[in-house]
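Hello,

Here is the structure to look through. Please open it first, then read my notes below.

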Amino acid sequence: IADEIMALGDPLIQRCSEETGLPEVRLTGERGRTVGQLRLFAQFVREGSWVDARIDGAEPDRKPVPRPDVRSMMKPLGPVGIFGASNFPLAFSVAGGDTTSALAAGCTVVVKAHPAHPGTCELVGTAILNAVRRTGMPEGTFSMVHGPSVDVGLAIVRHPLITAIGFTGSFKGGKAIFDEANRRKVPVPVYAEMGSTNPVFVLPRALTLHGEAISMGLAASVTQGVGQFCTNPGIVLLEHSADATAFKAGLANTIEQTPAGIMLTGAIRNNFQKGVEKLLASGVSISSRGQAGSDGMVASACLLEASARSFLEDHTLEEEVFGPSTLVVTADNRAELTDAAQKLSGHLTATIHGTEEDLTEYRDLIGLLEQKVGRLVINGYPTGVEVCHSMVHGGPYPSTTDSRSTSVGTAAIFRFVRPVCYQNFPDSLLPDELKEGNPLKIWRLVNGNRKID
Ligand code: NAP
């Protein structure tokens, strides 16, 4: 699939740019990430140990009852329905992480093409079909449907042969699909990766020593890609001080100089405006706005401000505003900052900026945030999700509908498998992964010991 996508060449990038407004250089990078992800999964499944083979040998002489021979491994669930998001037309779309991990698990896939980039979907879908044919995979390994109506997607969710759903997109869409899957006669798991506000804590000594650098880095993270990332830092929390005031002024200044940017769709741009207005109606104030644009698809960056007291009182302040804005929440003291952290719901990430002394002193904050998010970042920024074996791109509800999983990285494969146990099977009937002689030479848990021989 990776080879076939690369063979599409420049027309894929051009088409994608025309449909999304994203610059070609960004899309070329995203294509690299997409094919890199496909190749990483190929390597992962070839290595083979991911099936988590477990063997507990028979003990016929055990008293009072003999122990049977028991073996288990992960097997694919079956056909998976996939919904991609508009903001990553390659890496979270037709051949994105959800499709890749489902195919790698051995599942077939039915993709709902995203109406914001249908031509891109069609090109990539054709590339996958070519790969299916070239490699002699069965007909129906991959299929895709188009349609600018939610009914098209819901038909996939309702189809009796579908065994799981992978979704990346908005909270509204993910929750609707989750509810629909649970209304089925036979409910199926929905792995919906939805919105997140990704809180960033800036601790006192870091503010004093690195406030200016952090404000620049933060502004870049907030406005990158016109803020259209699920890992966009949408809340910044700090304690009131003179350094905090200087930090906020620096951030306001940088945001003010940010040029307006074209958003992915008119609907996303309107939702961004509405989201900012909703915050303003909730007692939040604007501290600065980026440069204005004239086009109807263009959005200006926005820095908002509220007290921790308001944040503690009104849950809507924590909701995702998808676009180039962030809300700075100022606490009167450390206790109020901890209360604000305690009040957070589930997010994909949380970030802490702190010196070593800060991090020692605020250790309890780390413990608290571990319960709230899937990924913790120290002295960095949440945007930019590494595709690797240990990545966790997930988090407690409402950032996802199942916090036990990730949608990025090779561990995403475990969403689409289930364990099957084989008791007293003759060797000839066992899958190769569980055969006595370990013909695939994979790591297995044999009588409690991890072994490859
Ligand atoms: P979206 O509007 O939810 O659309 C995603 C897909 O779901 C589309 O194919 C859409 O089809 C379908 N859909 C939406 N509502 C539906 C419903 N009620 N019933 C059936 N299908 C439905 O999301 P988006 O605007 O493309 O993407 C932006 C959002 O994705 C942001 O909130 C962002 O934070 C989030 N996101 C999350 C991650 C993550 O990993 N957590 C990554 C990227 C983006 P139709 O258009 O036909 O309705």
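**Strands and a cavity**

Strand β11 (residues 285–289) and strand β13 (residues 302–307) run antiparallel, joined by 4 bridges. Two strands pair if DSSP finds at least two bridges between them. Helices (H or I, at least four residues) and strands (E, at least two) are DSSP runs, numbered from the N terminus. In this pairing, Arg289 stands opposite Cys302 in β13.

This is a predicted model: local features need pLDDT of at least 70, side-chain atom pairs count only at pLDDT 80 or more, and totals for chains, interfaces and linings use all residues. Residues are numbered from 1 along each chain as its sequence is written, and side-chain values use heavy atoms, without hydrogens and water.

β13 also pairs with β14: the two run parallel, with 6 bridges. Here Cys302 stands opposite Ser325 in β14. Together, β13, helix α11 (residues 308–313) and β14 form a right-handed β-α-β unit. Right-handed means that, with the strands pointing away from the viewer, the path from the first strand over the helix to the second runs clockwise.

Now the cavities. The whole structure has 3 of 30 Å³ or more. A cavity is a set of points on a 1 Å grid over the protein atoms alone where a 1.4 Å probe fits but cannot get out; lining residues have an atom within 4 Å of a point. The largest cavity holds about 130 Å³ of space. Its lining has 17 residues, and Thr197, Gly234, Glu320, Val321 and Ser325 are the closest to its centre. Which strand gives the most to this lining? Strand β14 (residues 325–331) does, with 3 residues.

Best wishes

Notes:
1 Å grid on protein atoms, 1.4 Å probe; cavity = no way out; pocket = protein on both sides within 12 Å on 5 of 7 lines; lining within 4 Å. Points joined across faces, edges and corners; volume = space filled by probe spheres on them.
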